[in-house]
Amino acid sequence: MATRLSDLFGNSRIIAGLLANLLSSICIVFINKWIYVHYGFPNMTMTLIHFVVTWLGLYICQKMDIFSPKSLRPSKIILLALSFCGFVVFTNLSLQSNTIGTYQLAKAMTTPVIIVIQTMYYRKTFSTKIKLTLVPITLGVILNSYYDVRFNLQGMIFATLGVFVTSLYQVWVGAKQHELQVNSMQLLYYQAPMSSAFLLVLVPFFEPLSGEGGIFGPWSFQALVMVLLSGVIAFLVNLSIYWIIGNTSPVTYNMFGHFKFCITLLGGYVLFQDPLSLNQGLGILCTLIGILAYTHFKLAEQEEGKSRLTQRP
């Protein structure tokens with residue numbers, strides 16, 4: 001009975017974390033879209049502000065005794081911070097150099113790359129059933145974006161680097177929490193300011209600092225309020241990402257990311273009357289079937305593992 005209550009509590013916490021990430025991620029997509037469309041605020045600068053606000057939010061949480069910081073050597077998390085910057089830079093360059101369809105198709109490759117990295121370097125095993133769930137998900141992404149897929153050498157290089165660095169970043173987010181024996185807040189508390197400092201160096205190479213479209217440009221009060229609101233929501237997104245990866249796995253988070261993509265497409269159709277073709281509808285259906293299959297097989301494997309443990313003398 002106690003074990004069942006513990007399992008129920010653990011699953012409830014994971015569901016709550018996934019729900020928090022879902023709601024905050026959908027909110028930030030639509031708020032950022034609003035900011036880009038109506039104010040044209042620069043993308044990388046927005047990410048920099050997001051991480052600064054994330055660190056400020058964690059600093060406030062620490063002062064309120066919500067968590068206790070753990071002393072970490074910068075050398076232990078510098079690769080994590082750099083991989084985050086690489087993820088931001090190469091994702092933006094991929095988006096600039098490719099069509100939306102090519103960009104989305106490349107992003108879908110993150111999940112199999114994570115599986116390869118974890119299999120080769122972390123000796124983690126994945127059942128054939130789990131691997132096969134990638135088929136309907138990838139098919140769904142192709143159906144969603146095939147009409148807009150265009151290939152060019154520069155775009156392919158940036159997309160490949162983006163997928164590789166993003167995969168490394170997500171794997172390391174989980175691995176570092178276990179390696180350093182820290183929770184999501186403790187790790188993010190150190191990584192956020194370090195990543196912010198690296199981004200601060202990179203931003204001038206990609207975006208203007210002053211004048212029209214620059215961070216120190218003539219922004220209206222309404223624009224600054226919306227950017228600050230986006231930063232507060234980004235704090236919830238970043239914290240929930242770290243928590244989900246730390247308490248489940250990078251692959252589970254990626255599967256959940258595909259689900260959020262489907263919800264975002266449907267949300268754009270319902271809220272903004274964005275066009276949704278038959279192929280896109282079929283793509284969403286295929287993706288959701290793959291996610292449900294992954295969830296079913298993952299839960300079945302967990303139950304099987306628990307039953308083996310209880311059967312041991």
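Tutor: A starting definition: Ala, Val, Leu, Ile, Met, Phe, Trp, Tyr, Cys and Pro count as nonpolar, Asp, Glu, Lys and Arg as charged, and the others, Gly among them, as polar. The model here is predicted.

Student: How do the residues of the lining of the second largest pocket divide into nonpolar, polar and charged?

Tutor: The second largest pocket holds about 860 Å³ of space. It is lined by 27 residues, and those closest to its centre are Leu-18, Thr-252, Tyr-294, Thr-295 and Lys-298. By class, the lining comes to 15 nonpolar, nine polar and three charged.

Student: Which helix gives the most to the lining of the second largest pocket?

Tutor: Helix 1 (2-39), helix 11 (250-272) and helix 12 (278-311) each give two or more residues to that lining. The top contributor gives nine residues, and it is helix 12.

Student: How many helices and strands does the protein chain have?

Tutor: Along the sequence, the pattern is α-α-α-α-α-α-α-α-α-α-α-α. The count is therefore made from DSSP runs. The secondary structure comes to 12 helices and zero strands.

Student: What span does helix 2 reach from its first C-alpha to its last?

Tutor: Helix 2 covers residues 43-63, which is 21 residues.

Notes: Residues numbered from 1 in each chain as written. Predicted model: local features only at pLDDT ≥ 70, side-chain atom pairs only at ≥ 80, totals over all residues. Heavy atoms only, no water. 1 Å grid on protein atoms, 1.4 Å probe; cavity = no way out; pocket = protein on both sides within 12 Å on 5 of 7 lines; lining within 4 Å. Points joined across faces, edges and corners; volume = space filled by probe spheres on them. Helix = DSSP H or I, 4+ residues; strand = E, 2+ residues; numbered from the N terminus. Expected span 1.5 Å × (residues − 1).
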